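These are my notebook entries on a structure that was new to me. I set down what I looked up, entry by entry.

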There are 2 protein chains.
Amino acid sequence: MLSEFDLIKQFFKRERPGRADLGIGDDCALLTPTPGRQLAISSDMLVEDRHFFKDADPFMLGHKSLAVNLSDLAAMGARPLGFTLALALPAADPVWLAGFSRGLFALADAHDCELIGGDTTKGPLNICITVFGELAPGHALRRDAAQAGDDIWISGTLGDARLALAGYWKELALPDEDHAQAAQRMHMPAPRVALGLALAAQPIARAALDISDGLVGDLGHILAASRVGATLDADALPAGPVLARQEQALRRRFTLAGGDDYELCFTAPVSNRTAVLGAGRISGTPVTRVGRIDAEAGLRFVDAQGAPLDMKLSGWDHFS
Amino acid sequence: MLSEFDLIKQFFKRERPGRADLGIGDDCALLTPTPGRQLAISSDMLVEDRHFFKDADPFMLGHKSLAVNLSDLAAMGARPLGFTLALALPAADPVWLAGFSRGLFALADAHDCELIGGDTTKGPLNICITVFGELAPGHALRRDAAQAGDDIWISGTLGDARLALAGYWKELALPDEDHAQAAQRMHMPAPRVALGLALAAQPIARAALDISDGLVGDLGHILAASRVGATLDADALPAGPVLARQEQALRRRFTLAGGDDYELCFTAPVSNRTAVLGAGRISGTPVTRVGRIDAEAGLRFVDAQGAPLDMKLSGWDHFS
């Protein structure tokens, strides 16, 4: 039977020199921030049957657990530095742990984000990651910075993760190949770190967040924090490749109120349109203009012809 | 029914200005570290039926969840700055949340440690706190810094938390009043933050850690990291007031291999004995000298007369 300390040593402690002054194995990790930089910190907890299925593939779960945290750094425009991992496991299963840690470190290494510490305990499967990044003071892309007249932009595409869930739930029948493609989006989201960094560099964008609970609900946080409203072009929203082949009503519903997208929604002055497209290009991330921020409160929808649409949608609430 | 956002607003978001540049409510919290300081970071996860009982008092649980994390900062000699809280709850129960947040903030405020962000979700009760502190570079009390000839010191007293557990488990019969007193130590540990700061100030101490899994197991981490051995005087170990009234064998066993003590075990050069006592005095924390670090590997026990004792004890392993 694998002990707690063997488990950490075998699957999570790595010998390569890291950024931290002191990594795994003491009471605390020690990290020296870059002088003059601001720290960005976020914590996400993933729970079985809520954020992932009971028999979720451990490699993909390792990826996703870190991805949703890196997505928060991306939404702030912060550069990843490191993270802690607290893990409650029903049992110390070496096969599961090998897969999980490989998925975790593959993404961590891709973003030069070091595992600096954490905790392991026995309990119902629960994965809690706290991630640290840094950025230049005043450059953070905050939710309260949107201004009337700003364009609203979306990175990548929306709705395929929600479509995959609909497939799992048998809400609709999808060909196996389509479902597999959509499921990849659900299980292996790509955090938009490079785009976030590019948007925060000047900064080019004003407000930003990552879409985890559906665009409508999440955009609502920007509107509330910035005390503005918005108009979205429901037909301009970039649907994922599988969702794009579905009928219009479903396309609108899942792009507007899907969930698990982990794309960025951000606002930028109209004068920065070329700069935003440039940030998309240098970061290799598609960006699409989908609406505008209004002085008038509330969220309105229009179709491709600019005609008002009546849509009732809301975000995901973990306790509703 | 309380929504996720109402829950955070009602119980965890506070209006008073804080240390963080940006607190709860955005994708990340923003914090500007004191220039020239090193960050100390630790994460602990508490799980029902493992770290606390199913019907644990929420006020005491709020206290303990943060206390075990502050204890890690104390063991490093770091000054608390802030923390994130990730919480999985079976239901959004306002009575439980009110008690939990009051216990949490009472301790947080006592240590000027700000809640800067986190996550809430539905799931089996799980509390994951990640805490941030800072210290002068080179002053951290690391596990790998013990040297042969160092004194070994313990803060406060040991074993009463383990005695309380023995009472709950009916391993032994305790008078109600004794059990209540011991249980207080188990449920409301006092993190030795002030002592840790005083010991790291010069620094006075060399190696340190906090005792969470029993002295023998935890001291073993210092010995392994520092590549040294130690001799402990089993009868010099300061027993908690309730345990002190029990017979010698139990006293030795629960001080040496109890658990949930959250006292500091630290080493310091013999030349610093007066300074250590002074650090204890200014921090209002009793400190007791209990042994010495040896060049020879292994952990040996002696009695009050210096005669060798044969004791087989080990630390707590969450997966054994």
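Helices and strands in these notes are DSSP runs, a helix having at least four residues and a strand at least two, and they are numbered from the N terminus. The model I worked from is predicted.

**Entry 1**

I began with the loop between helix H4 (160-168) and helix H5 (176-187) of chain B, where Lys170(B) is placed. Lys170(B) is not a glycine, yet I found a positive phi of about 60° there. I noted for comparison that most residues other than glycine have a negative phi. Is Lys170(B) buried or exposed? Its relative accessible area is 71%, and because exposed means over 50%, Lys170(B) counts as exposed.

I then turned to chain A. Lys170(A) has its place in the loop between helix H4 (160-168) and helix H5 (176-187) of that chain. Lys170(A), not a glycine, has a positive phi of about 60°. With 70% relative accessibility, Lys170(A) is exposed.

**Entry 2: the cis peptide bonds**

I looked up the bond from Gln202(A) to Pro203(A) and found it cis, with omega near -5°. Pro203(A) sits in the loop between H6 and S7 of chain A. In chain B, the bond from Gln202(B) to Pro203(B) is cis, with omega near -5°. The loop that holds Pro203(B) runs between helix H6 (193-201) and strand S7 (208-211) of chain B.

**Entry 3: helix H6 of chain A**

Which residues of H6(A) are buried? I listed Val193(A), Leu195(A), Gly196(A), Ala198(A), Leu199(A) and Ala200(A). The elements that cover these buried residues include helix H2 (58-76), strand S3 (79-89), strand S6 (151-155), strand S9 (263-268), H9 and strand S10 (287-294) of chain A.

The axes of helix H6 (residues 193-201) and helix H9 (residues 273-282) of chain A come within 8 Å and cross at roughly 145°. The crossing of H6(A) with H9(A) is right-handed. On the H6(A) side, Leu195(A), Ala198(A) and Leu199(A) take part, and they meet Ala279(A), Gly280(A) and Ile282(A) of H9(A). I sorted the residues of this contact into 5 nonpolar, 1 polar and no charged.

**Entry 4: Gly99 of chain A**

I located Gly99(A) in helix H3 (residues 94-110) of chain A. Gly99(A) has a relative accessible area of 6%, and is therefore buried. Apart from neighbours within four places in sequence, Gly99(A) is in contact with Pro58(A) and Phe59(A). From Gly99(A) to Val193(A) I noted 94 residues in sequence and 24 Å in space, C-alpha to C-alpha.

**Entry 5: a sheet with strands from two chains**

In what order do the strands of the open sheet of 5 strands stand? I wrote down S1(A)-S2(B)-S5(B)-S3(B)-S4(B), with mixed pairing. Strand S1 (29-31) of chain A and S4 of chain B are at the edges; each has a single partner strand, so one side of each lacks a neighbour in the sheet. From one strand to the next, the twist averages 20°.

Helix H3 (residues 94-110) of chain B packs on this sheet and touches S3, S4 and strand S5 (126-135) of chain B, its direction making about 165° with that of S3(B). Strand S3 (residues 79-89) of chain B is parallel to S4(B), and the two pair over 8 bridges. Among the pairs, Gly82(B) has Glu114(B) as its bridge partner, and Leu87(B) is opposite Thr120(B). I also checked how covered strand S4 (residues 114-122) of chain B is: 7 of its 9 residues are buried.

**Entry 6: the sheet of 7 strands in chain A**

I traced a second open sheet in the order S7-S9-S6-S10-S8-S11-S12 of chain A, with mixed pairing. Strand S7 (208-211) and strand S12 (308-309) are its edges; each has a single partner strand, so one side of each is left without a neighbour. Helix H7 (residues 215-226) of chain A packs on the sheet, and its direction makes about 160° with that of S7(A). Strand S11 (residues 298-302) of chain A and S12(A) are antiparallel and share 2 bridges, with Val302(A) opposite Pro308(A).

**Entry 7: an annotated span**

Last, I consulted the UniProt record, an unreviewed entry, which annotates residues 147-301 of chain A as "domain: PurM-like C-terminal". This span is 39% helix and 21% strand, and its end C-alpha atoms lie 18 Å apart.

Terms used
Residues numbered from 1 in each chain as written. Chains lettered and ligands numbered in written order. Predicted model: local features only at pLDDT ≥ 70, side-chain atom pairs only at ≥ 80, totals over all residues. Heavy atoms only, no water. Axes fitted to C-alpha atoms, helices over the stretch in contact; angles between N-to-C directions. Left-handed = near helix turned anticlockwise from the far one by under 90°. Contact = heavy atoms within 4.5 Å. Nonpolar A, V, L, I, M, F, W, Y, C, P; charged D, E, K, R; others polar. UniProt positions renumbered as here; feature names shortened; annotations may be inferred. Buried < 20%, exposed > 50% of the residue type's maximum accessible area, 1.4 Å probe, protein only. Pairing = 2+ DSSP bridges.
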